[in-house]
Amino acid sequence: QVQLVESGGGLVQPGGSLRLSCAASGSISRINLMAWYRQGPGAERERVAVITSDSSTNYADSVKGRFTISRDNAKNTVYLQMDSLKPEDTAVYYCKADIVVRSPWHIGNYWGQGTQVTVSS
């Protein structure tokens, strides 16, 4: 069984910062792509940032220059540093990972449970 657990969400004022973490656990052989998605009120889920196993990154235009995705392969963890936050960044943030699982052997996409980020004064 593989599990992704997110942490770090909360309430922050506009212009502030938050750092999200997402740790994967279980019978993991390797983690390929890791990504952060978000879903705002009444909106569809959108991909915010993605990072490959060799740490190449890509960002949505709406967060470029403000958000930074990184990963620690030894800890099976992905991070999202969010700076210069805006009210429109308010959403539930989800991590997603493309994981090679040992037992039983298979490749699957796994999601975290989500963490709420609210940007408001």
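**Note on the predicted model**

1. Leaving aside neighbours within four places in sequence, Arg66 is in contact (heavy atoms within 4.5 Å) with Gln81, Met82, Asp83, Ser84, Leu85, Lys86 and Asp89. Arg66 sits in the loop between strand 6 (57-59) and strand 7; strands, like helices, are DSSP runs numbered from the N terminus (E, at least two residues, for a strand; H or I, at least four, for a helix). The residue has a relative accessible area of 11% and therefore counts as buried. Buried means under 20% relative accessible area, exposed means over 50%, and partly exposed lies in between, with a 1.4 Å probe and protein chains only. A polar atom of the Arg66 side chain lies 2.9 Å from the backbone oxygen of Ser62.

2. On the basis of the note: this is a predicted model, in which local features need pLDDT of at least 70 and side-chain atom pairs count only at pLDDT 80 or more, while totals for chains, interfaces and linings use all residues. Residues are numbered from 1 along each chain as its sequence is written, and side-chain values use heavy atoms, with hydrogens and water left out.

3. An open sheet is formed by four strands in the order 1-3-8-7, with antiparallel pairing; two strands pair if DSSP finds at least two bridges between them. Strand 1 (3-7) and strand 7 (67-72) are the edge strands, each pairing on one side only. From one strand to the next the twist averages 15°, taken between axes that are lines fitted to C-alpha atoms (for helices over the stretch in contact), with angles running from 0 to 180 degrees between N-to-C directions.

4. Strand 7 is joined to strand 8 (residues 77-82) by six bridges, and the two run antiparallel. Ile69 has Leu80 of strand 8 as its bridge partner, and Arg71 stands opposite Val78.

5. One disulfide is found in a search of the whole structure, the criterion being a pair of cysteine sulfur atoms within 2.5 Å. Cys22 is joined to Cys95, with an S to S distance of 1.9 Å. The link is right-handed, with 50° about the S-S bond. Cys22 belongs to strand 3 (residues 18-25) and Cys95 to strand 9 (residues 91-101), so the pair ties together parts that are 73 residues apart in sequence. Both cysteines are buried.

6. Strand 9 is mostly covered, with nine of its 11 residues buried. Nine bridges connect it to strand 4 in an antiparallel arrangement, where Trp36 stands opposite Cys95. Strand 9 also runs antiparallel to strand 11, with three bridges; here Tyr93 stands opposite Thr115. Six bridges join strand 9 to strand 10, again antiparallel, and Val101 stands opposite His106. A hairpin of four residues leads from strand 9 to strand 10.

7. The largest nonpolar core has 32 residues, of which Trp36, Leu80, Met82, Tyr93 and Ile99 touch the most other members. Such a core is a set of buried Ala, Val, Leu, Ile, Met, Phe, Trp, Tyr and Cys residues joined through side-chain atoms within 4.5 Å. Two or more residues come from each of strand 3, strand 4 (28-39), strand 5 (46-51), strand 7, strand 8, strand 9 and strand 11 (115-119). Strand 9 supplies the largest share, six residues.

8. Most residues other than glycine have a negative phi, and most peptide bonds are trans. Ser55, in the loop between strand 5 and strand 6, has a positive phi near 70°; at 41% relative accessibility this serine is partly exposed. Ser84 has a positive phi of about 50° and is found in the loop between strand 8 and strand 9. Its relative accessibility is 42%, so Ser84 also counts as partly exposed. The peptide bond from Ser103 to Pro104 is cis, with omega near -5°, and Pro104 lies in the loop between strand 9 and strand 10 (106-111).

Note on methods:
A polar contact is a pair of N or O atoms within 3.5 Å; within protein, one must be able to donate a hydrogen and the other to accept it, and residues adjacent in sequence count only if both atoms are side-chain atoms.
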